[in-house]
Amino acid sequence: MYVIAIAWLYVALLAAVSDDTVVGGALTFIFYGAAPLALFLWIFGTPARRRKLRQQQADESLHDRADSDGKQ
């Protein structure tokens, strides 16, 4: 997935460099490169974030059970 992201930024950078003005190039890079890529990575990274959160919650519940000896 990161290869696609790098290629997308490369194409957006080339499009921004070929623009007539600096402001137009910056806006081209932001709106055609960085913003859509950030949205793409956020959407497609959601399952990985959910898995990581579930794993952390499972680890915490195991540690909570191991710490209690039943002497409360």
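**Note on the predicted model**

1. The protein chain exposes about 6300 Å², and carbon and sulfur atoms supply 66% of it. Accessible areas come from the Shrake-Rupley method with a 1.4 Å probe, and for residues only the protein chains shown count as cover.

2. This is a predicted model, in which local features need pLDDT of at least 70 and side-chain atom pairs count only at pLDDT 80 or more, while totals for chains, interfaces and linings use all residues. Residues are numbered from 1 along each chain as its sequence is written, and side-chain values use heavy atoms, with hydrogens and water left out.

3. The protein chain has two helices and zero strands. Helices (H or I, at least four residues) and strands (E, at least two) are DSSP runs, numbered from the N terminus.

4. Of the 72 residues in the protein chain, 14% count as buried. Buried means under 20% relative accessible area, exposed means over 50%, and partly exposed lies in between (1.4 Å probe, protein chains only).

5. T46 lies in helix α2. T46 counts as buried because its relative accessibility is 18%. Its side chain reaches the backbone oxygen of I43 at 3.3 Å. The side chain of T46 also makes a polar contact with the side chain of R49, at 2.8 Å. A polar contact is a pair of N or O atoms within 3.5 Å; within protein, one must be able to donate a hydrogen and the other to accept it, and residues adjacent in sequence count only if both atoms are side-chain atoms.

6. R51 is also placed in helix α2, residues 22–67. R51 has 52% relative accessibility, so R51 counts as exposed.
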